[in-house]
Amino acid sequence: MTMHLLGNLSIDEFLRDYWQQKPVLIRNAWPNFEPLLSAQELAGLSLEDDIESRLILEQGQDGPWEIRKGPFSETDYRSLPKSHWTLLIQAIDHWVPEAAELLEHFRFIPSWRIDDLMISYAVDGGSVGPHYDQYDVFLLQAEGQREWRIGQHCDSNSPIIGNTRLRILSEFEETERWVLNPGDMLYLPPQLAHYGIAQGECMTYSIGFRAPSVSQLLETSLDVVLPTLTENQRYCDAGIQPAVSASRIDQQATERLANLLTSELQKPEVLAKILGQLMTEPKYSELLPEAENEITWDEWLDTVEDESLLRHEHARFAYFTDDNQCLFFNHGECTVLPKSCTQLVATLGDYRQYSIDQLQHLALDDQGKNLLLQLWVQQMIYVESDTQGVFDGDCND
């Protein structure tokens, strides 16, 4: 049972009035919130090769708004100034099971839109500067206080300062200002300028969402559509009118081309594959667990007997159904299943914890059983008793 994080707003009200439209501050969204990690544990993660980490110094050795990329060392931290720096750790939910559980509270937005949980630790004055993001974000204050200043709507033409790898706005038109305490949460829509400044030491959890660009969508569209096309599908102009100018490409020609190119993209199944494959691509494909040995259904039941299963922290599931079939998406791949598997894949995608009895009941045919075995071999589902985060389960709930 997930907790309601929107304060006095209902989910319907939030989606209608705020989502992708305007910011909203929700005081005490998570009462008595306890951070999942201490500052020392967070710094420990930044020492690991596989974990994406960054340090932002407002006044660095190379000038203002210096960015350093991890992994870091203890020596790096000893050399930092006393104030005005920030540590960012990306995709905490990939490494800490409790962080993956935290994301379950945001599934009133389709889960395939959720990207990751980033934790920002800052000392007094620490900031990443005035900037804007191309995606929605919830900013949950986990520890200490951070002041947030809200500014103007931005786009690719908004001026930024030079001589830094960060996209810091050179103009910031403040419209609102709030100080967030632990448990408070701020929602920001895409392209809204914002500027967060730590007041003393603080930690902020950023829940970000995937928002693919048109170029990414077109690239995936080609990957999906090209294999289905034949040499017989060509540009044609039956019923053409006599040319007024022999070298002119007229509006009718461009309309015929538009119809030809979009005819495949008007099929719901194709559009679902484009979204499903792109939005379930792993964030770090090189860090996916190695596949286990193949296993039979009876062997698997013996292995997981009386156990609960969990969806892996790296897993990204989505599905689509029409009158004929069910498409299941897992890490950028599409598996075609019969409609009878719909409830099974919905359960796999909508929840993080499953009972064996539940999955057995939903796996009505060989295709469903084979899907579960495939996910087990890929380690995308695993026995809950094997849960082991980066701190061996010592994180707070």
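This is a predicted model: local features need pLDDT of at least 70, side-chain atom pairs count only at pLDDT 80 or more; totals for chains, interfaces and linings use all residues.

Trainee: At what angle do the axes of helix α5 and helix α7 cross, and how are the two helices then described?

Mentor: In general, two packed helices are described by the angle between their axes and the distance between the axes. Here the axes of α5 (residues 214-225) and α7 (residues 268-279) cross at roughly 120° and come within 9 Å, and α5 and α7 are therefore oblique to each other. The crossing in which α5 passes α7 is right-handed. On the α5 side the contact is made by Gln216, Leu217, Thr220, Ser221, Val224 and Val225, and on the α7 side by Val270, Lys273, Ile274, Leu275, Gln277 and Leu278. Sorted by class, the contact of α5 with α7 has 7 nonpolar, 4 polar and 1 charged residues.

Trainee: How does helix α8 pack with helix α11, and which residues make the contact?

Mentor: Helix α8 (residues 297-304) and helix α11 (residues 366-377) have their axes 11 Å apart and pack at an angle of about 60°, which makes α8 oblique to α11. The crossing of α8 past α11 is left-handed. Trp297, Trp300, Thr303 and Val304 of α8 make the contact with Lys369, Leu372, Leu373 and Trp376 of α11, and the residues of this contact of α8 with α11 divide into 6 nonpolar, 1 polar and 1 charged.

Trainee: Is helix α9 roughly parallel or oblique to α11?

Mentor: The axes of α9 (residues 342-350) and α11 cross at roughly 25° and come within 10 Å, and that angle makes α9 roughly parallel to α11. The crossing of α9 and α11 is right-handed. Leu344, Val345 and Leu348 of α9 meet Gly368, Leu371, Leu372 and Leu375 of α11, and by class the contact of α9 with α11 has 6 nonpolar, 1 polar and no charged residues.

Trainee: Is His94 buried or exposed, and which residues is it in contact with?

Mentor: His94 is found in the loop between β4 (85-89) and α4 (97-103), and with a relative accessible area of 8% His94 is buried. Neighbours within four places in sequence aside, His94 is in contact with Lys283, Tyr284, Glu313 and His314. The C-alpha atoms of His94 and Leu287 are separated by 9.8 Å, although these residues are 193 residues apart along the chain.

Trainee: What should I look for in the backbone angles, and where is there a cis peptide bond?

Mentor: Most residues other than glycine have a negative phi, and most peptide bonds are trans. In this model the peptide bond from Gly70 to Pro71 is cis, with omega near 10°, and Pro71 lies in the loop between β3 (63-69) and α3 (74-78). Trp65, which is found in strand β3, has a positive phi of about 55° although it is not a glycine, and at 9% relative accessibility Trp65 counts as buried. Asn163 also has a positive phi, near 60°, and lies in the loop between β6 (137-153) and β7 (176-180), but at 80% relative accessibility Asn163 counts as exposed.

Conventions:
Residues are numbered from 1 along each chain as its sequence is written. Side-chain values use heavy atoms; hydrogens and water are left out. Axes are lines fitted to C-alpha atoms, for helices over the stretch in contact, and angles run from 0 to 180 degrees between N-to-C directions. Helices (H or I, at least four residues) and strands (E, at least two) are DSSP runs, numbered from the N terminus. Angles under 35 degrees count as roughly parallel, over 145 as roughly antiparallel, 65 to 115 as roughly perpendicular and the rest as oblique. A crossing is left-handed if the near helix is turned anticlockwise from the far one by less than a right angle, and right-handed if clockwise. Contact means heavy atoms within 4.5 Å. Ala, Val, Leu, Ile, Met, Phe, Trp, Tyr, Cys and Pro count as nonpolar, Asp, Glu, Lys and Arg as charged, and the others, Gly among them, as polar. Buried means under 20% relative accessible area, exposed over 50%, partly exposed in between (1.4 Å probe, protein chains only).
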